[in-house]
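Subject: Structure for you to look at, with notes

Dear colleague,

Below I am handing over the structure we spoke about, together with its sequence. Please have it open while you read, as the notes that follow go through it part by part.

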Amino acid sequence: MTGLTGRALRVTILIGESDLWHHRPVYTEIVHRAHAAGLAGASVFRGIEGFGASSLIHTQRLLSLSEDLPVAIVIVDDEERVRAFLPQLDELVSEGLVMLDDCEVIRYVGREGAK
């Protein structure tokens, strides 16, 4: 997708790094499905510490090393395309948090020559 500017919708998914979908990380499955759906972009960010609905603190600190650090996946596109993608998140995210935010895209430019 090119030319994404102006009003958009951002979906942020917070899950655990070790969450799996058919032996594959959930975050990987989300990114690949977002790409296949033609969404403008998706990025995965690994957290260094956090907790969620379970109230268990997950951290990367050496003395309490966790194998299930928090992961955030952020996807931005126009509202219609993001909302059309939400049923796939319902299928993939069994534990975690899915948030929607209105946002404004100021600049969306790919690398020259990239396909």
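In the protein chain, residues 24 or more positions apart account for 76% of the contacts with a separation of 6 or more, where contact means heavy atoms within 4.5 Å. Please bear in mind that this is a predicted model, in which local features need pLDDT of at least 70 and side-chain atom pairs count only at pLDDT 80 or more, while totals for chains, interfaces and linings use all residues. Residues are numbered from 1 along each chain as its sequence is written, and side-chain values use heavy atoms, with hydrogens and water left out.

The overall layout

The secondary structure of the protein chain comes to 2 helices and 8 strands; helices (H or I, at least four residues) and strands (E, at least two) are DSSP runs, numbered from the N terminus. Read from the N terminus, the elements follow the order β-β-β-α-β-β-β-β-α-β. Of the 115 residues in the protein chain, 30% are buried, and here buried means under 20% relative accessible area, exposed over 50%, and partly exposed in between, with a 1.4 Å probe and protein chains only.

An open sheet is formed by 4 strands in the order 4-7-1-8, with antiparallel pairing; two strands are taken to pair if DSSP finds at least two bridges between them. Strand 4 and strand 8 (97-105) stand at the edges with a single partner strand each, so one side of each is left without a neighbour in the sheet. From one strand to the next the twist averages 20 degrees, with axes being lines fitted to C-alpha atoms, for helices over the stretch in contact, and angles running from 0 to 180 degrees between N-to-C directions. Strand 4 and strand 7, which run antiparallel, are joined by 5 bridges, and Ser-43 has Val-74 in strand 7 as its bridge partner. Helix 1 packs on the sheet, where it touches strand 1, strand 4 and strand 7, and its direction makes about 10 degrees with that of strand 7. Helix 2 also packs on the sheet, touching strand 1, strand 7 and strand 8, and its direction makes about 20 degrees with that of strand 1.

Helix 1 and its surroundings

Within helix 1 (residues 26-36), the buried residues are Val-26, Glu-29, Ile-30, Arg-33 and Ala-34. Seen down the axis of helix 1, these buried residues fall within an arc of 130 degrees, so they line one face of the helix; the arc is that of the directions from the helix axis to the C-beta atoms. The exposed residues His-35 and Ala-36 are carried on the face turned away from the buried side of helix 1. The cover over the buried residues of helix 1 includes strand 1 (6-16), strand 4 (42-46), strand 7 (70-77) and helix 2 (79-92), among others.

Not counting residues up to four places away in sequence, Glu-29 touches Trp-21, Arg-24 and Leu-92. Just after helix 1, Gly-38 takes a positive phi of about 80 degrees.

His-22, in the loop between strand 2 and strand 3, has a positive phi of about 50 degrees although it is not a glycine, and it is exposed, with a relative accessible area of 62%. His-23 lies in the loop between strand 2 and strand 3; its phi is near 65 degrees, a positive value in a residue other than glycine, and His-23 is exposed, with a relative accessible area of 80%.

Val-93 has its place in the loop between helix 2 and strand 8, and it counts as buried at 16% relative accessibility. Leaving aside neighbours within four places in sequence, Val-93 is in contact with Ile-13, Ile-15, Ile-30 and Val-98. The C-alpha atoms of Val-93 and Ile-15 are separated by 7.6 Å, although these residues are 78 residues apart along the chain.
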